[in-house]
Structure formats: C-alpha cells, structure tokens
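Take a moment with the sequence and the fold.

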Amino acid sequence: MKRCLSEIETLGHVLGACPYGETLRLHRHHAIRTKLADALRKLKYTVYEEVHGTADNGSNRRIDIIAISESLSQGMIIDPTIRFETYKGQPADVHEEKRAIYVPTIPYYKDKYQLHDISVTGLMFGARGTIPNFSILFCEYPKFLITFHRG
C-alpha cells in the first residue's frame, strides 16, 4: 500500500527518507547513540549526549556525543548516522561530511570543556542493518582513533 505521495516508494526512499519511517529511523539513531555513549562510559570517558554548540560562523549545532578523556585533556565528537547503503565509499563520505559540519565547532567545545584537542568522527550505520568496517573499527578501538582522526 502506497503511503507517501511525495516520491516513488523505492527501498531507498522508504528506509532513508519517507516521513512514515522517520520515527523508526530516529529510534534506531538514538539507540545506537546511547549504546556508543554507554560503551565509552565503560572505558572511563566522560560522555555527554545531544550537546548544543556554536560553529565559527555563529551557526548553532547539536552534536550527538562528546566523549572526554580527562587524563589526556582530549575529546571526541562522535556523530552516528543512519543511511541507506548505496556505495562502497559511503562511510568515508559520511565521515568527511560530518567533519565538515562539526570541525568548525571545535573551538567552542575546547573552550567549554577546557580541552587541548578534539577529534570529529562521523559513523555510518546502514538503514538495512549493515555496519561498515570503519564503524566497527571505531567501536573496537576508540582510544586509537582519538589520535588518528585529529580535528
């Protein structure tokens, strides 16, 4: 049964853009964000979720997660994203897209949390349930990635 009058109902549209599936996409996003935040807390990071900030140009932004290593005075901005999987390089493109959005907020968060350094990582999770290698590696080695992906 066709529910959306705005577009042809392809699998990509239904799983990635259709307003009728938005609640499910948001629920999945929030569940993933919470699991990531809880895992980082277990690794003894101080973690804040859904934090408001300001970019260099004055625009308002809301980051999904900031995880702080108090001993190193370093932080990680982490933005998990649910996307319909369409091509092999998509996770890297999502990472770069998120860096372009959130790197301009680094001075704000450095000042707010008195940090020496902050990295930005965009993590893609597939709308059909796939988890790209980049996201798996991040989940396995977050301490490594804080030094690898400098903001």
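The text below covers the sheet, the helices on it and the salt bridges. Keep in mind that this is a predicted model.

Start with the sheet. It is open, has four strands and runs in the order β1-β2-β3-β4. The pairing is mixed. Which strands stand at the edges? They are β1 (46-54) and β4 (117-126). Each has a single partner strand, so one side of each is left without a neighbour in the sheet. From one strand to the next, the twist averages 35°.

Look next at the pairing of β1 with β2 (residues 60-69). These two strands run antiparallel, and eight bridges join them. Thr 54 faces Asn 60 of β2 across the pair.

Turn to the charges. How many salt bridges does the structure hold? There are seven. One of them joins the side chains of Arg 33 and Glu 50, at 2.7 Å from N to O. Arg 33 lies in helix α2 (residues 22-42) and Glu 50 in strand β1, so this pair ties together parts that are 17 residues apart in sequence. Is Arg 33 buried or exposed? Its relative accessibility is 10%, so it counts as buried. The cut-off for buried is under 20%. Glu 50 is partly exposed, at 28%.

Another salt bridge joins Glu 49 and Arg 41. Their closest N and O atoms are 3.1 Å apart. Both partners are partly exposed: Glu 49 has a relative accessible area of 25%, and Arg 41 stands at 32%.

These pairs belong to a wider set. A network of salt bridges links Arg 33, Asp 38, Arg 41, Glu 49 and Glu 50.

The side chains of Lys 98 and Asp 79 meet at 3.1 Å, N to O. Lys 98 sits in helix α3 and Asp 79 in strand β3, so the pair links distant parts of the chain, 19 residues apart. Lys 98 is buried, with a relative accessible area of 10%. Asp 79 is buried too, at 5% relative accessibility.

Definitions and conventions:
Residues numbered from 1 in each chain as written. Predicted model: local features only at pLDDT ≥ 70, side-chain atom pairs only at ≥ 80, totals over all residues. Heavy atoms only, no water. Pairing = 2+ DSSP bridges. Axes fitted to C-alpha atoms, helices over the stretch in contact; angles between N-to-C directions. Salt bridge = Lys/Arg side-chain N within 4 Å of Asp/Glu carboxyl O. Buried < 20%, exposed > 50% of the residue type's maximum accessible area, 1.4 Å probe, protein only.
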